[in-house]
Each structure stands twice: as C-alpha cells, then as structure tokens.
Amino acid sequence: MSVSVDPSFLKPAQQQPAQALRPHAEHAFAAELTALAAQDDRPRPPRWKLSPWGVATYLLGGTLPDGTVITPKYVGSRRLVEVAVSTLATDRALLLLGVPGTAKTWVSEHLAAAVSGDSTLLVQGTAGTPEEAIRYGWNYAQLLAQGPSRAAMVPSPVMRAMAEGRTVRVEELTRIPADVQDALITVLSEKTLPIPELGQEVQAVRGFNLVATANDRDRGVNELSSALRRRFNTVVLPLPESVEAEVDIVARRVDQIGRSLDLPAVPDGITEIRRVVTVFRELRDGITSDGRTKVKSPSGTLSTAEAISVVTGGLALAAHFGDGVLRAGDVAAGILGAVVRDPAADRVVWREYLEAVVRERDGWSDFYRACREVSG
Ligand SMILES: Nc1ncnc2c1ncn2[C@@H]1O[C@H](COP(=O)(O)OP(=O)(O)OP(=O)(O)O)[C@@H](O)[C@H]1O
Ligand SMILES: [Mg+2]
C-alpha cells in the first residue's frame, strides 16, 4: 500500500526571519529567481520551478530579455554546470566531488533553490549520522501512547523530498557510516522508502532527486560502496584554473558577503585580493607562478574558500580599525592563520616562502613587512 501525500504529513517550509544572518539562496536571490521563472519559456521537468536552461543561467549568470541581470553564482565551466543540471532531470542522482573549498556545498544549495525553490531539505553527513536522518524516526511520546502510526512518524528530509517531488541535499556523503549510506540504495534505485512498521511505503513522486557532496580528502574515511556510486552521476568541481579566475571568484564573494554583513564599503581591495590568491596558489601548487622557484606546501588546504574568509576578515579590520583601504597589514594575520595550521612544520614552510619568494618580489615590500610583523 502506498502512502498518499497529505499536506499535514509535510512540515511547512521554515519561515525566513527578516534579519537572517545568512538567508537561504532562494531568499537571497528571490528577485533573480522570480524574474527567471517569468521569462523562462522552455519546457520544465515535472515540479521544477525553472527549465534546465533557467537553472544553468541562474548558476552561471546572464542577462534576460527584459534586461534583468542574473549574477553568476558559480564561476567555472559551463559544461560542468550543464551536466550537473541535466543529471537532476534524469533518474540518476548527482554527486559533486572535489577538494575542500571548490564550491560543492554552494553549488548544491543553488541547484536545490533553482530547481525546487527550496534548499532546506538537507542531511548533514557526519560519522554520527543515524539511519533516521535518511529514512524516518519516531516521536517516542506518540509512539508509546498510540503505537506506530503516521502521526508518530518523523519523516527525514529525504522522505519529505520524495513525497513532495523536490530536491534533497546530502552533505559530506562519505563521512556517513557505510551501513547508513546503504539506506540510500533503495531510495535511489527503487525510488521508494518502505515503512515496515506500518506495512506501507513512501514512493518518490516525479521531481524528486538528490544532490550529494563529498570531499576528495575524505577518501578512505567511508568509501562509497560501488553499489551506491553506480546510482550517482559524478561531477568533479575543480580548483579555479588561473589566478585571474580565482581573484574574480574571491572578489565577487567578498563583495556579496561584505554587503550582507553591512560592512562599510572598502574600495580598491583588488591588489590585496590578488596577493592573497597568489600566495595561496603558490603554496598549494608547490611552485611560484612564474614556474621558477619550488616551494614547500603547508599542511592546510589553502582553498578559495579560505582566501575568501581571509579577505573578508581583512575588510572588517580595514573598515573598523584601518583607514578604510584594504592593506597588506589587514590580511597578513589571516594569511598566517590559514597557512600555519601545524605550529612547528608550517611555520618553517611559511618563513622559507617569505624569505625566498615574497621578499624578492617587486612591489611586495609592504606585504613582506606586514607578514614579517605578524609572523613574529
Ligand atoms: N568556482 C567558484 N565559483 C563561485 N564561488 C566559489 C567557487 N569556488 C569557491 N567558491 C566559494 O567558496 C566558498 C566555499 O565553498 P563551499 O563551502 O561550497 O566549498 P566546499 O567544496 O563545499 O568545501 P568543503 O569540502 O570544505 O565542504 C563559497 O563561498 C563559494 O562561493
Ligand atoms: Mg562543503
């Protein structure tokens, strides 16, 4: 017997407080999504808010016929986004894979917002994620009082997405213990979630799909079983291919974050952004950007995401304690914190890099001095 979907079964989507510190994508970009929905005349898969073209445009940015500008959310390969979006229109789930800070979480949130208008159906994968987070749990007071019943059941985000024909996100899939991961196999292959206690099942309605993220560095923590991996199309998100691309990403995100936090505007941050990105890339790659000098890599990941937080921290310093211009002194402490994770080994790596590369570089003397000052 199948469970029909009655609205009481589904908890209403959370109301967004006006002053949310970090609004969900569908709220933060509501105007863009509305404009896209109004002008997108291409066919939409069942229950999709936009056509696949509309979703890709939302992610990559563009200008609509009426002149509305859609800001790029993901800066990178168009093809990659197209593959991700079209996967969601099939019966295969999507796995976003990549090293830390390559926008896996960010892309999955925006995909869910654009496809289903709701990015909040989310399972956060950890070593302690229980099977209830993927299947369903019970309200024990009601269970004891009345026995197993629909009313006593607490559906997981996955179950709700199936019943409502929406997108559910599973973050950090490979951190979830293998036996719990396996609960997804039936969901993804049979598109059903059995409820043996009630002799019922919840069948996925059209529009249901799942976006999972996993970190390359977590490999070996809990490998995906091959049975589960076969249910996914995998899209690998790469690190930005050039300094320019990474500077562009950092500048855009820092600007957005600064505005959402109401930080006073700080003009001309681009010089420091370029230096932070250059330093991170060189340390990550183990070689200077001119290809001449080999350098040692520290233990941290030095991802784009970390560059974004170093610059955002620097902007706050410049705005509140500096002269309103982002200077080397405002980012130096943040860089040191990101680079020196292991106090002994990383400090040596950092000092060597400062002396061998930064000190000699034309036009970087202020940056060298600022870094020396905080490095002690
Ligand atoms: N190519 C990119 N385009 C746009 N934003 C990017 C890009 N790469 C990184 N970012 C930014 O980096 C930040 C961090 O991304 P996110 O948290 O999604 O990374 P992640 O891949 O999930 O990392 P982790 O593996 O640590 O969970 C976001 O603010 C995102 O906007
Ligand atoms: Mg993530």
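Modeller: Start with pairing. Two strands pair if DSSP finds at least two bridges between them. In this predicted model, Thr192 has Gln203 of β9 as its bridge partner.

Biologist: What makes β8 and β9 a pair?

Modeller: The cut-off is at least two bridges. Strand β8 (residues 192–195) and strand β9 (residues 200–203) are joined by 4 bridges and run antiparallel. So they count as paired, by the rule of at least two bridges.

Biologist: How many residues lie between β8 and β9 in their hairpin?

Modeller: 4 residues lie between them. One of the turn residues, Gly199, has a positive phi of about 60 degrees.

Biologist: Why is strand β3 called largely enclosed?

Modeller: A residue is buried if 20 or more other C-beta atoms lie within 10 Å of its own. In β3 (residues 93–98), 6 of the 6 residues are buried, so the rest of the structure largely encloses this strand.

Biologist: Which β3 residues point which way?

Modeller: Ala93, Leu95 and Leu97 point one way. Leu94, Leu96 and Gly98 point the other way. All of them are buried.

Biologist: Is Arg369 buried, partly exposed or exposed?

Modeller: Arg369 has 14 other C-beta atoms within 10 Å. Buried needs 20 or more, and exposed means 12 or fewer. The count falls in between, so Arg369 is partly exposed. Arg369 sits in helix α16 (residues 365–375). Leu354 is 15 residues away from Arg369 in sequence, and 9.7 Å away in space, C-alpha to C-alpha.

Biologist: How do you know that the radius of gyration agrees with a compact globule?

Modeller: For 376 residues, a compact globule would have a radius near 21 Å. The protein has 23 Å, which agrees. The C-alpha trace spans about 75 × 50 × 40 Å along its principal axes.

Biologist: What share of the protein is buried?

Modeller: Buried residues are 41% of the 376. As for contacts with a separation of 6 or more, 71% of them link residues 24 or more positions apart. The secondary structure comes to 16 helices and 11 strands.

Biologist: Which domains is the protein divided into?

Modeller: Domain 1 (7–12 + 20–236) and domain 2 (243–375). Their centres, taken over C-alpha atoms, are 34 Å apart. The contact takes 4 residues from domain 1 and 8 residues from domain 2. On the side of domain 1 that touches domain 2, 3 residues are nonpolar, 1 is polar and none is charged.

Biologist: What makes up the shell around ligand 1?

Modeller: The shell has 9 nonpolar, 8 polar and 2 charged residues. Of the 19 residues around ligand 1, Pro100, Lys104, Thr105, Trp106 and Ala305 come nearest.

Biologist: Which elements each supply at least two residues of that shell?

Modeller: α5 (104–116), β10 (209–215), α11 (243–260) and α13 (304–321) do. Domain 1 and domain 2 each give the shell at least three residues.

Terms used
Residues numbered from 1 in each chain as written. Chains lettered and ligands numbered in written order. Predicted model: local features only at pLDDT ≥ 70, side-chain atom pairs only at ≥ 80, totals over all residues. Rg over C-alpha atoms; globule rule 2.2 N^0.38 Å. Contact = placed C-beta atoms within 7 Å. Near = placed C-beta within 6 Å. Nonpolar A, V, L, I, M, F, W, Y, C, P; charged D, E, K, R; others polar. Domains from an automatic or database assignment.
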